[in-house]
Amino acid sequence: MNAESGVGKDLLSACTLDPVDGTGADQVAVRRDDISTTAGSGFGGGRLGGPVDDELRALLDTDSPLNRPGDDPLDKIAVGSVAIADDDSSGVFEVGGVDSIDRVGTAQSGVVVTTDSQRAGQSREIQHGTEGHRPGDPPKPLHGREATDPTGSSAGPKDPLLGDGLQLDTDERLVIPRWVKLGGGILVAVIAAAMAFAIFEPIQVLPRFSIAPGYSLLAQDGSTVNSESARGVITLYSFAPSHCGDECGDMNLTMAEVRDRVGAEIDLGEVDFQLVTIALDPITTPEQLAVAAERSGAQGRSWTWLGGEENEIRTIVGDGFGRFFETEDDGSIRYDPGFILVDGNGMIRGNYRYQTLADDAEKLVQHVDILAEEIRYADGPGAVAYEAAHLFLCYP
Amino acid sequence: MNKARRRLIAGFAAGMLLVVGACSSETSEITIADSWARATPPGAESAAFYGVVTNLSGESDQLVGVSSPQCEMAQIHETTHSDGVAGMAPAGADLLSLNDGEKLTLEPGGLHVMCMGVSEPLVEGADVQVEFKFEKMGSVEFVLPVQAG
Amino acid sequence: MKSSGDSKRWLPYLIGVPVAIVLAVVGSQAIVSVLRPHIYSGTVIRGDTPAPTMEDLQFVSGDAVDLGSFDDSDAVVLVFFGYTNCPDICPTTLSAVSKARNQLSEQDQERTQVLMVSVDPERDKPDRLQEYVEFFDPSFLSAGGSEDQIARVASLYGVHYELGEGTVEEGYLVDHTATLLGIGSDGVLRVVWPPDIDAAALADDLEELLS
C-alpha cells in the first residue's frame with residue numbers, strides 16, 4: 001500500500017476526484033472532528049456523516065503517516081465520497097463504510113480534509129492525493145441541491161447520485177442586494193443632473209475678470225463723479241475722444257441702442273443701469289463734455305460723459321481699464337474702440353472689442369440681462385449655485 | 001486743563017440739575033449699555049466711542065450734541081458704506097431722535113461718537129468721560145472704558 | 001436565503017427603499033460638500049491678471065514695495081488703504097484683520113502679510129504710519145509715497161479717496177473706499193472684502209486662500 005500519488009505535493013491542492021470505479025465519486029478521508037454524526041444512517045448529515053467502521057480501523061496501521069504518536073488516528077480520519085461543486089466552493093461528503101476498504105490505504109496515506117465551516121454551501125478546501133486524480137485535472141462538476149435541513153430531509157428531489165440529505169447550491173451567482181441597485185441608481189441620477197447642469201447651463205454668469213479702477217472725474221454738468229457712486233449700479237463704459245465726430249457714429253448708436261433696449265426689455269428689478277463714456281483727451285471744462293454728450297446722443301439720460309487730466313486718464317483708462325489709446329503730436333488720438341461692463345461691486349465683467357457688426361448691442365443687452373439676473377439671485381441660497389457656476393461652467 | 005476741568009465740573013453740576021429737574025419720574029433716565037472707547041493707536045488724533053443709548057425718559061427726545069473733556073471736538077458720525085465706503089458724515093438729525101424706549105446703537109462701522117483732537121492717547125484700562133446732550137433731558141454723562149477692540 | 005412564498009417578497013423593499021433613500025441623501029450631501037466651492041465673504045475674481053504693481057511706493061525702510069517678493073515666500077498679501085486719523089473704519093478693519101490672522105495656524109500666519117497704504121501722505125509720514133499699523137500687530141507693514149503715486153496705485157486697486165475740508169491743524173477726515181484686497185500667493189488680486197468684515201469669516205477665507 002504505497003502512496004504513489006505524490007501525496008506530499010498534492011496535499012494542498014483542491015480538486016474534484018475522478019470516479020475510480022464508476023460508482024460515483026472517489027473516496028477521500030476527512031478529519032473525524034468535522035463529521036457530524038447522524039443517528040443510524042451512516043450517511044450524510046450536514047456534510048459529513050457516518051461512524052468509522054471497525055474494519056476500517058483495522059486497516060490503519062502504525063506506519064501511516066497519519067498515525068502520530070499519541071494520536072488516535074481513528075479520531076482523525078474517516079472515509080467517504082465527496083462531490084465537489086464546479087466552482088470548488090462547496091462539496092458534499094458522503095461517508096461510506098467498508099466498501100471502500102481497498103481504497104483506504106491510498107486514501108489513508110495522505111488525505112486530510114479541512115473544513116472551516118459547519119454549514120453546507122460554504123467553501124472548503126479538500127486536499128487529497130488519491131490515485132486516479134492527477135493534479136491539474138479540471139474539476140469534475142457534480143451538481144446537487146443544497147439542503148437546509150441538517151438531518152437530511154429536504155423538500156427537493158433526490159439526486160440519484162448523492163441520495164437524500166446533502167445538497168448543494170451550485171447556482172450561486174453574485175447577488176447584488178436591491179438596495180445597492182437603488183442607491184446606485186440615485187447616484188447615477190445625481191451625476192446625470194450635474195452633467196446636465198454643466199451642459200445646459202441653466203445658470204449663466206459673466207466672469208469676474210479684474211477690479212475696475214477707482215476714479216474721480218469731472219462730469220458734463222460740472223459735478224465730480226467718483227467710482228463710489230457707481231456702487232450698486234451696473235455700468236457700461238465706453239472710451240472716446242470728446243471731439244469724436246462721425247467716426248464714432250456706430251459706437252454711439254450702439255450705446256444708445258443698449259440704453260434704450262435695457263430700459264425696455266430687461267427687468268432690472270432694483271438694480272440700476274447706467275452708461276458712462278470717458279473722454280480720452282484731457283478735459284478741463286465741463287462744457288467740453290457737454291458738447292460731446294450732445295453730439296453722441298448721450299444728453300444725460302442715464303449716459304454720462306466724464307473727463308479729467310491727461311495722467312489721470314492714462315491711469316484710469318490705460319492701466320485700470322486696460323484700453324489702448326495713444327495721443328499723437330497733433331492732438332488726435334488713436335484708440336482701440338470697445339466697451340467694458342462693470343457690475344455694482346466694482347468688478348469688470350465684460351471687455352468687448354468693438355466690431356462693426358450690428359449685433360454688438362444684442363450681445364451687450366444679453367450680458368446686462370445675465371448680470372442683472374445674477375445680482376438678483378446671487379444672495380442667499382442662490383449664492384452657492386452661482387459660485388459653483390463661476391467655478392465650473394464655461395462662460396457665454 | 002483748567003478750562004477743561006471747569007467745563008467738566010459745570011457739566012456735571014448742570015447735568016445733575018437737569019437730570020433731577022427735568023426728569024421728574026423716578027425711573028426716567030437715559031441709559032447706555034455695552035459702551036466702550038477704542039484705544040487709540042500711536043499718533044492717531046481721533047478716536048471713536050461706542051455703546052447703546054436707550055431713551056427711558058418717558059418721552060421722545062433728540063440728541064443734539066456730544067462732547068468729552070478728552071476731545072477737542074466730538075460729533076456723532078455715521079460711517080456710510082455699502083460694500084465699499086463712501087466715508088463719514090455727521091449723522092442726520094432724524095437718526096438722532098429717539099422715541100420713548102428707542103435705542104441708538106453706536107457701533108464700529110456704523111454710527112459712532114467721533115472724537116477729534118484727543119488730548120492724550122487713550123490707553124486700554126483708562127476711562128473716558130462722554131456727555132450726551134439731549135434736547136429735553138439735557139446733559140447725560142457716562143464713563144466709558146477704553147478697550148483695544 | 002430564498003424565500004419560498006410570496007408573503008415575504010415585499011420585505012426587501014421595506015428595508016431596501018428607506019435605506020436607499022438615506023444613502024442617496026447622504027451620498028448627494030457628501031458630493032455637494034466635496035464639490036461645493038468655498039463661499040468667500042468677499043467677491044472672488046476669477047481672472048488671472050497680476051495684481052497692480054506698487055513699486056512706486058516705499059516701505060518705512062525706504063525700500064520699494066515689491067509684491068513679487070511676497071510671491072517668492074508664497075505669502076498672501078492683504079492690502080488696505082486708510083489713514084491714521086481715521087476714527088472708526090480703519091481701526092475696526094485692521095483690528096478684525098489682526099484677529100482673523102491670529103486664528104490661523106503658525107505656518108499660515110507667517111504666510112499672511114498685511115500691508116496698509118496711507119491715503120493721507122501729508123500727515124502720515126512713514127515712521128508714524130508704521131507705528132500705527134504695528135499697534136494692531138507687529139507683523140503689519142505700511143507703505144506710502146507721493147500724492148501722485150498713491151493716487152495712481154489706489155485707482156488701480158479700485159480705491160477712490162477724497163480729502164475732507166480742513167487744514168492739518170484743524171484736522172480733516174478722508175473719505176476712502178475701505179475694501180480689503182487679498183492678493184493670492186500667485187500674485188493675482190483674488191478676493192475683495194467689504195469693510196466691516198467678521199474676523200472668523202475672514203480667517204476661513206484666508207485658510208482657503210492659503211491652501
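The following dialogue goes through selected features of a predicted model.

Me: Which conventions apply to the model and its numbering?
Reply: Residues are numbered from 1 along each chain as its sequence is written, while chains are lettered from A and ligands numbered from 1 in the order in which they are written. Because this is a predicted model, local features need pLDDT of at least 70 and side-chain atom pairs count only at pLDDT 80 or more, whereas totals for chains, interfaces and linings use all residues.

Me: How many helices and strands does chain C have?
Reply: Helices (H or I, at least four residues) and strands (E, at least two) are DSSP runs, numbered from the N terminus. Chain C has seven helices and nine strands.

Me: In what order do the strands of the open sheet of chain C lie?
Reply: Strands of a sheet pair through backbone hydrogen bonds, either parallel or antiparallel. Two strands count as paired if DSSP finds at least two bridges between them. In chain C, an open sheet of seven strands has the order 1-9-8-3-4-5-2, with mixed pairing. Strand 1 and strand 2 (58-59) of chain C are the edge strands, each pairing on one side only. Strand 4 (residues 112-118) and strand 5 of chain C run parallel and are joined by three bridges; Val117(C) stands opposite Ala143(C) in strand 5.

Me: What lies across strand 4 and strand 5 of chain C?
Reply: Angles run from 0 to 180 degrees between N-to-C directions, and axes are lines fitted to C-alpha atoms, for helices over the stretch in contact. Helix 5 (residues 126-136) of chain C lies across both strands, running at about 150° to strand 5.

Me: Is Gly144(C) buried or exposed?
Reply: A residue is buried if 20 or more other C-beta atoms lie within 10 Å of its own, exposed if 12 or fewer, and partly exposed in between, with C-beta atoms placed from the backbone. Gly144(C) is buried because 23 other C-beta atoms lie within 10 Å. Its place is in strand 5 (residues 141-144) of chain C. Of the 211 residues of chain C, 44% count as buried.

Me: Which residues does Gly144(C) contact beyond its neighbours within four places in sequence?
Reply: Two residues are in contact if their C-beta atoms, placed from the backbone, lie within 7 Å. For Gly144(C), the partners include Leu57(C), Val117(C), Pro126(C) and Ile150(C). The C-alpha atoms of Gly144(C) and Phe59(C) are separated by 6.7 Å, although these residues are 85 residues apart along the chain.

Me: How many residues of chain C and chain A make up their contact?
Reply: Chain C provides 31 residues and chain A provides 33. On the side of chain C, helix 1 gives the most, with ten residues.

Me: At what angle do helix 7 of chain A and helix 6 of chain C cross?
Reply: The axes of helix 7 (residues 310-320) of chain A and helix 6 (residues 147-156) of chain C come within 10 Å and cross at roughly 35°. Residues in this contact include Ile316(A) and Leu156(C).

Me: Which residues have the most contacts inside the largest nonpolar core?
Reply: In soluble globular proteins, nonpolar side chains tend to be buried together. A nonpolar core is a set of buried Ala, Val, Leu, Ile, Met, Phe, Trp, Tyr and Cys residues joined through C-beta atoms within 7 Å. The largest one here has 134 residues, and Phe49(B) and Val113(B) have the most contacts inside it. Among the residues that Val113(B) touches are Phe49(B), Ile76(B) and Val130(B).
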